[in-house]
Amino acid sequence: MAELKPAARRVLEAASAAGLQIEIVTHTRSTRTAEEAAAACGCAVGQIVKSLVFQGKTSGAPILLLVSGANRVNEKGVAAEIGEALKRPDAAYVRDVTGYAIGGIPPLGHAIPLKTFIDRDLLQYDMVWAAAGTPESVFSVAPRALATAANAAIVSVR
């Protein structure tokens, strides 16, 4: 097995600290988008976990949404569920709060603690695939175990 890049190693360590035993798979092609990841992993697009960072419009606090690859976020609907409007931050903010570049943001192991929510639609699957810190690395995990490890509340994002 090839040695993991430092970003992927941080994800592996964070998962272990959160009680998840994962195996990171590094692909030779990009897994940056949900469609690319699904093709590389041989699964449905809905089984891909998109880690999307928003900012609370009032609080300015970072908010992480773990979203099914098949879904688009209804920002007004999510705001109603979580009690705060969302705004989309720039890539520099996302990197600062997560420690990872867009396209490889994992669902846990961030630079600072993030208020996290998981898309209810991910829970229909036995296994989902999430980014592991780089645009070519992923890991599979049971979605309920991921929600527990990421301390994520369940929401509807549609």
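Glu3 is exposed, with a relative accessible area of 71%, where exposed denotes over 50% relative accessible area, buried under 20% and partly exposed the range in between, computed with a 1.4 Å probe on protein chains only. The structure is a predicted model, in which local features require pLDDT of at least 70 and side-chain atom pairs count only at pLDDT 80 or more, whereas totals for chains, interfaces and linings use all residues. Residues are numbered from 1 along each chain as its sequence is written, and side-chain values rest on heavy atoms, with hydrogens and water left out.

Side chains of opposite charge can pair when their charged atoms come close. The structure contains 4 salt bridges, each defined as a side-chain nitrogen of Lys or Arg within 4 Å of a carboxyl oxygen of Asp or Glu. In one of them, Glu3 is paired with Arg9, with 3.6 Å between the closest N and O atoms; the partner Arg9 is partly exposed at 31% relative accessibility. Another salt bridge joins the side chains of Lys5 and Glu136, at an N to O distance of 3.3 Å. This pair connects distant parts of the chain, 131 residues apart, since Lys5 belongs to the segment before helix H1 (6-17) and Glu136 to the loop between strand S6 (128-131) and strand S7 (137-141); helices (H or I, at least four residues) and strands (E, at least two) are DSSP runs numbered from the N terminus. Lys5 is partly exposed, its relative accessible area being 48%.

A salt bridge is also formed by the side chains of Arg88 and Glu75, with an N to O distance of 2.8 Å. Arg88 is placed in the loop between strand S4 (86-87) and helix H4 (91-98), and Glu75 in helix H3 (residues 75-82), so that the pair ties together parts 13 residues apart in sequence. Arg88 is exposed at 57% relative accessibility, while Glu75, at 24%, is partly exposed.

Glu136 is also among the residues touched by Thr31, which include Glu36, Ala37, Gly103 and Pro135 when residues up to four places away in sequence are not counted; contact here means heavy atoms within 4.5 Å. Thr31 lies in the loop between strand S1 (24-26) and helix H2 (34-41) and is buried, at 6% relative accessibility.

A search of the whole structure for disulfides, defined as pairs of cysteine sulfur atoms within 2.5 Å, returned 0. Cys41 takes part in no disulfide, the nearest cysteine sulfur being that of Cys43, 5.1 Å away, a separation too far for a bond. Cys41 is buried at 16% relative accessibility, and Cys43 is likewise buried, with a relative accessible area of 17%.
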